[in-house]
Amino acid sequence: MEVDRYLLRIGFTGPSDVPSLELLRSVHRCHLLSVPFEDLTVHSGGRVQLDLPILYDKIVKQRRGGFCFENNSLFYWLLSQLGFQVTVLAGQVKNSITGRYGPPFDHLILMVTLEGKRWLCDVGFGVPGFSVPLSIETCGPQEQGHRVYRLRRDRETLFLEWQEEENRGEHGDWSEIYKFTLQSRLLGDFTEMCLYHQSSPSSIFFCKSLCTVLKPEGRVTYIGCRLKISRFPSEATGGVMETTTRELEDEEIPTVLEEHFGIVLPSPLIPKDDTITPPPVMY
């Protein structure tokens, strides 16, 4: 496991010898622009394993991606090697389809403490994810491009919220993405939920084959037998979100994965886009 090779994988070429907020922001964004958020192992006859050398081989050497337990676990290793003080945290994602939160340890996220200030890091999330770390020191709005996020606190629980693809100011309509606490966790604490997400009809990763990656001007997303390409609001789009969707034949999917995500699977993919069953327990 080599730090330099990891940095090369994510396209980071700047100085990395001194931990700084600039370095943290750069490697966070580079990671999201290079390493897809995907669950294709689950749908191509494999089994996700969380041993760091296995994750390094998959993400760095095979140039694959992974879901939160994979991407954020390996990112934890990278940040630690770069000299950052990193804490593993556990979150629960609010499913946009069922409207319910997942079980405890549903999501693995990271907190970096730098010069006395705490930053939320997450390179293992899909479309609603933030591109650079968010400050945990404030509950106010934090703008990132055309989007805005905030961390709302309710006693010991923090709620990550956004206004989707708009920014209507502090008093706009906020939607919850996930909730978490600042209690320190171990990577091994997520093993059971990693198995859950590969086998439960209440998990999006079991129900849908998906792959998505951030682009400088938008995002590319594959789900089931569809490819969606989104362009963020800009002068070129007339200030509006621009999205095109294409239906795919099964035989097209391997080419789409290679061309748009740089992924070549070792085994055939079985496309899947099933309905998610709401979890029987309200969390």
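## Thr-212 and its surroundings

The side chain of Thr-212 reaches the backbone oxygen of Val-220 at 3.2 Å. In this predicted model, the Thr-212 side chain also forms a polar contact of 2.9 Å with the side chain of Arg-219.

Thr-212 belongs to strand S10, which covers residues 210-215. Its relative accessibility is 5%; because the cut-off for a buried residue is under 20%, Thr-212 counts as buried. Leaving out residues up to four places away in sequence, Thr-212 touches Pro-36, Phe-37, Gly-126, Arg-219, Val-220, Thr-221 and Phe-261.

## Helix H2

Helix H2 comprises 14 residues, 21-34. At 1.5 Å a residue, H2 should span 20 Å, and the distance of 20 Å between its end C-alpha atoms agrees with this.

The buried residues of H2 include Leu-23, Leu-24, Val-27, His-28, Cys-30, His-31 and Leu-32. Among the elements that cover them are helix H1 (3-9), H4, strand S3 (107-114), strand S4 (117-121) and S10. Val-27 is in contact with Leu-7, Ile-10, Phe-12, Phe-75, Leu-79 and Leu-82, when neighbours within four places in sequence are set aside.

## Nonpolar cores

The largest nonpolar core contains 46 residues. Within this core, the residues with the most contacts are Tyr-6, Ile-10, Val-27, Phe-75, Leu-78, Leu-79 and Phe-84. Helix H4 (residues 68-81) supplies the largest share of the core, seven residues.

Another core, of 17 residues, lies apart from the largest one; Phe-130, Leu-151, Ile-177 and Phe-180 are among its members.

Technical notes: Residues numbered from 1 in each chain as written. Predicted model: local features only at pLDDT ≥ 70, side-chain atom pairs only at ≥ 80, totals over all residues. Heavy atoms only, no water. Core = buried A, V, L, I, M, F, W, Y, C linked by side-chain atoms within 4.5 Å. Buried < 20%, exposed > 50% of the residue type's maximum accessible area, 1.4 Å probe, protein only. Helix = DSSP H or I, 4+ residues; strand = E, 2+ residues; numbered from the N terminus. Contact = heavy atoms within 4.5 Å. Polar contact = N/O pair within 3.5 Å; in protein donor to acceptor, adjacent residues only side chain to side chain. Expected span 1.5 Å × (residues − 1).
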